Amino acid sequence: MARKKIGLIGAGNIGGELANLLQSKQLGDVVLFDIPAKESFAKGKALDLEQSSACSGADAKITGTSNWEDLAGSDVLIITAGIPRKPGQSRDDLVGVNLPIIQNVADNAKKHCPDAFVIVISNPLDAMVYEYKRRVGAPREKVVGMAGVLDSARFSLFLARETGASIKDVRAMVLGGHGDDMVPVLSYCTINGIPVKQLIPAEKLASLVDRTRKGGGEIVGLMGTSAYYAPAYSAVVMAEAYLLDQKRVLPAAAYLDGEYGYKDLYLGVPVVIGAGGVEKILDVELSAEETAMLKTSAESVQKVVDIVKAKA
Ligand SMILES: NC(=O)c1ccc[n+]([C@@H]2O[C@H](COP(=O)([O-])OP(=O)(O)OC[C@H]3O[C@@H](n4cnc5c(N)ncnc54)[C@H](O)[C@@H]3O)[C@@H](O)[C@H]2O)c1
């Protein structure tokens, strides 16, 4: 069987780490794509990573390009094309600059790799994945946004450190939009089945929720640009679930058509990812407080989507 082909649109910080992880996991041949002005950068990054295969023993190929034809036949596309945040910026501040970029990517992807399973990472995430799907006209199973896995990973780490438990035993679920009003669903957060509310005092838990909501901004403040190791790993978890038909239950930005009471909107919800892409959206019960938080988050997403719709 031929190796799978994975196209990475954007060869920047997340793109490079994605290529590194995909190669070490041997999930497929990787094509690292960037704009013509950065073609040699993409080629150089690909070559540097490929040279590490002599040490790792990885057989998969990594190539760099700025030619969309090289993406033809991709099984998976992971899109990081765009500008990341700088200190003081919100994700929503990026809509003006990243909208034409996602539109350009969507037009080319539609032409060159229409059958790929697409994971969008570019911010503002929920609006960018909405515009991608709208423009390509792809079924909702095939286009998903990465945010919930990362936000849940951040919350999981804080819960593990607070309780002293192994990160392996933490189950955290963060839903809603990828903004500062995201929704850590405490009723579904456990240390191996034990609700975290029983293990962490309410005030402390509230501070961990707050740190999670501002988790991306904390890193932007420290590094001057946005995070890339954990975002890349989070997207690889989703790509792996698709490529290996794992049927993972993951929080992800999915296109809602009535679920949770929302229509024609991408929002972070629990989904099942397997060989069929987003095979199922799990419309689970939320407490009254969680439902209200999800509403606030959905309203924030809708505002950015309205800007996108007005410009599209
Ligand atoms: N969803 C999330 O959870 C999450 C987390 C972190 C970062 N992000 C977002 O991901 C995006 C990428 O972040 P990064 O740190 O890798 O940024 P980066 O600047 O390091 O890389 C982005 C790359 O995209 C390229 N690019 C620009 N226009 C393009 C186009 N039309 N086609 C192909 N490539 C193009 C740029 O040349 C650059 O190399 C940002 O928008 C950032 O805000 C999202």
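The model is predicted. A search of the whole structure finds 15 salt bridges. The search for aromatic pairs finds four.

**Salt bridges between distant parts of the chain**

- Asp-180 and Arg-91 join their side chains in a salt bridge, at 3.7 Å from N to O. The two residues are 89 residues apart, and the pair links distant parts of the chain. Asp-180 sits in the loop between strand 8 (174-175) and strand 9 (183-184). Arg-91 sits in the loop between strand 4 (76-79) and helix 4.
- Arg-91 is buried, because its relative accessible area is 5% and the cut-off for buried is under 20%.
- Glu-259 pairs with Arg-140 in a salt bridge, with the closest N and O atoms 2.9 Å apart.
- Glu-259 counts as buried, at 12% relative accessibility. Arg-140 counts as partly exposed, at 25%.

**Other salt bridges**

- Asp-257 forms a salt bridge with Lys-263, and the closest N and O atoms are 3.1 Å apart. Asp-257 is partly exposed at 45% relative accessibility. Lys-263 is exposed at 57%.
- Asp-245, Lys-247 and Glu-279 belong to a network of salt bridges.

**Aromatic pairs**

- Among the four aromatic pairs is Phe-33 with Trp-68. Their ring centres are 4.8 Å apart and their planes stand at 45 degrees, so this pair is tilted.
- Phe-33 and Trp-68 are buried.
- Tyr-255 and Tyr-266 make another pair, with ring centres 5.6 Å apart. Their planes are at 65 degrees, so the pair is edge-to-face; the cut-off for that class is over 60.
- Tyr-255 is in strand 12 and Tyr-266 in strand 13, so this pair ties together parts 11 residues apart in sequence. Both tyrosines, Tyr-255 and Tyr-266, are buried.

**Charges over rings**

- Lys-133 places its charged end over the ring of Tyr-255, 4.4 Å from the ring centre. The ring of Tyr-255 is also paired with that of Tyr-266.
- Lys-38 has its charged end over the ring of Phe-41, 4.8 Å from the centre.

**Two buried residues**

- His-112 is in helix 4 (residues 95-112). His-112 is buried, because its relative accessibility is 16% and buried means under 20%.
- Leaving out residues up to four places away in sequence, His-112 touches Trp-68, Glu-69, Leu-71, Ala-72 and Gly-73. Trp-68 is also the ring partner of Phe-33.
- Ser-122 is in the loop between strand 5 (117-120) and helix 5 (125-136). Ser-122 counts as buried at 6% relative accessibility.
- The side chain of Ser-122 reaches the backbone oxygen of Ala-81 at 2.6 Å. Apart from neighbours within four places in sequence, Ser-122 contacts Ile-79, Thr-80, Ala-81, Ile-102 and Met-128.

Key
Residues are numbered from 1 along each chain as its sequence is written. This is a predicted model: local features need pLDDT of at least 70, side-chain atom pairs count only at pLDDT 80 or more; totals for chains, interfaces and linings use all residues. Side-chain values use heavy atoms; hydrogens and water are left out. Helices (H or I, at least four residues) and strands (E, at least two) are DSSP runs, numbered from the N terminus. Buried means under 20% relative accessible area, exposed over 50%, partly exposed in between (1.4 Å probe, protein chains only). Contact means heavy atoms within 4.5 Å. A polar contact is a pair of N or O atoms within 3.5 Å; within protein, one must be able to donate a hydrogen and the other to accept it, and residues adjacent in sequence count only if both atoms are side-chain atoms. A salt bridge is a side-chain nitrogen of Lys or Arg within 4 Å of a carboxyl oxygen of Asp or Glu. Rings of Phe, Tyr and Trp (its six-membered ring) pair if their centres lie within 6.5 Å; planes under 30 degrees apart count as stacked, over 60 as edge-to-face and the rest as tilted. A charge sits over a ring if NZ of Lys or CZ of Arg is within 6 Å of the ring centre and within 35 degrees of the ring normal.
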